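Open the model in your viewer and keep the sequence panel beside it. This tour goes stop by stop, with something to select at each one.

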Amino acid sequence: MLALATDLGFLFRTEHERLMRAMRRLVGSPNTAEDLVQDVFVGLLRGSAFADAENKQAYLARCATNMALDHLRRERARARYLCGSDLSDCEVACTAPLPDETLQGVQELALLRRTVDQLPPKCRVVFLLSRDHGLTMREIAARLGLSEKTVEKHIARAMTQCRQALRAAGRPL
């Protein structure tokens, strides 16, 4: 029994990180991976087949893979039971934005509205016709009697001002 514990202790020190990476890839959760790796070592300590294995590292890896696959099968069965169907049909997460995301969006929108309001009148009109009304540069040019190049410059200026305002507020772009 002492030799088995010594072998397992050595393998735990040398193989733990590799097993953790493999388990995280398989199950997708660091916490679950840690639990499963621990369960593998406890199971090997209790079993007798490990002591007889020729390649202990390969045996350990196979046991860990089997443990992960068993876990995934149980999770799939649990999801079918809870949802009444396969995981692909099970709605797990809420798609509504979190309150802080909503607040951030409202704040950014207010910042952008203030920025657009501070644009020169012609630039503001061109930008709003483009963004709020969805007109093309050609349509804006015809409506306002401007060249398409002038419309393009006004839109570029407005976009630059909006980007600068967002950067100054510390918002990622």
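**Stop 1: the whole chain**

Remember that this is a predicted model. Show the protein chain as a cartoon and colour it by secondary structure. Read along the sequence, the pattern is α-α-α-α-α-α-α-α.

The accessible surface of the protein chain is about 12000 Å². Carbon and sulfur atoms account for 54% of that surface. Of the 173 residues, 25% count as buried. Take the contacts between residues at least 6 apart in sequence: 55% of them join residues at least 24 apart.

**Stop 2: helix H8**

Select residues 148-168, which make up helix H8. How far apart are its end C-alpha atoms? They are 30 Å apart. That agrees with the 30 Å that 21 residues should span at 1.5 Å a residue.

Next, colour the buried residues of H8: Val 151, His 154, Ile 155, Ala 158, Cys 162, Ala 165 and Leu 166. They cover an arc of only 105° around the axis, so they sit on the same side of H8.

What covers them? Show helix H5 (99-117), helix H6 (121-131) and helix H7 (137-144), which are among the elements over the buried residues of H8.

Turn to the face of H8 that points away from its buried side. The exposed residues there are Lys 149, Lys 153, Arg 167 and Ala 168. Then step past the helix to Gly 170, which follows H8. The phi of Gly 170 is positive, near 80°.

**Stop 3: Ala 158**

Go back into helix H8 and select Ala 158. Ala 158 has a relative accessible area of 0%, so it is buried. Which residues does Ala 158 contact, leaving aside its neighbours within four places in sequence? Leu 119, Cys 123 and Phe 127.

Val 116 and Ala 158 are 42 residues apart along the chain. Their C-alpha atoms are separated by 7.1 Å.

**Stop 4: the salt bridges**

The whole structure holds four salt bridges. This stop visits some of them, including the pair Glu 15 and Arg 18.

Show the side chains of Glu 15 and Arg 18. Their N to O distance is 2.5 Å. Both belong to helix H1, three residues apart, so about one helical turn separates them. An α-helix has 3.6 residues a turn, so residues three or four places apart point the same way. Are the two partners buried or partly exposed? Glu 15 counts as buried, because its relative accessibility is 8% and the cut-off is under 20%. Arg 18 is partly exposed at 37%.

Move to helix H4, residues 56-83. Select Glu 75 and Arg 78, whose closest N and O atoms are 2.3 Å apart in a salt bridge. These two are also three residues apart, about one turn of the helix. Glu 75 is partly exposed, with 31% relative accessibility. Arg 78 is partly exposed too, with 44%.

Now pick Arg 138 and Glu 148. Their side chains meet in a salt bridge at 3.3 Å, N to O. This pair links distant parts of the chain: Arg 138 lies in helix H7 and Glu 148 in helix H8, ten residues apart. Arg 138 counts as exposed at 59% relative accessibility. Glu 148 is partly exposed at 36%.

**Stop 5: His 71**

Return to helix H4 and select His 71. Is His 71 buried or exposed? The relative accessible area of His 71 is 14%, so it is buried. Show its surroundings, not counting residues up to four places away in sequence. His 71 touches Val 27, Thr 32 and Leu 36.

**Stop 6: a nonpolar patch**

Select Leu 26, Leu 69 and Leu 72. Together they make a nonpolar surface patch of about 200 Å². Leu 26 is found in helix H1, residues 2-27. With a relative accessible area of 36%, Leu 26 is partly exposed.

Technical notes:
Residues numbered from 1 in each chain as written. Predicted model: local features only at pLDDT ≥ 70, side-chain atom pairs only at ≥ 80, totals over all residues. Heavy atoms only, no water. Patch = residues over 30% accessible without salt bridge, like charges linked within 9 Å, V, L, I, M, F, W, Y side chains within 5 Å. Areas by Shrake-Rupley, 256 points an atom, 1.4 Å probe, with all protein chains shown as cover. Helix = DSSP H or I, 4+ residues; strand = E, 2+ residues; numbered from the N terminus. Buried < 20%, exposed > 50% of the residue type's maximum accessible area, 1.4 Å probe, protein only. Contact = heavy atoms within 4.5 Å. Expected span 1.5 Å × (residues − 1). Arc of directions from axis to C-beta.
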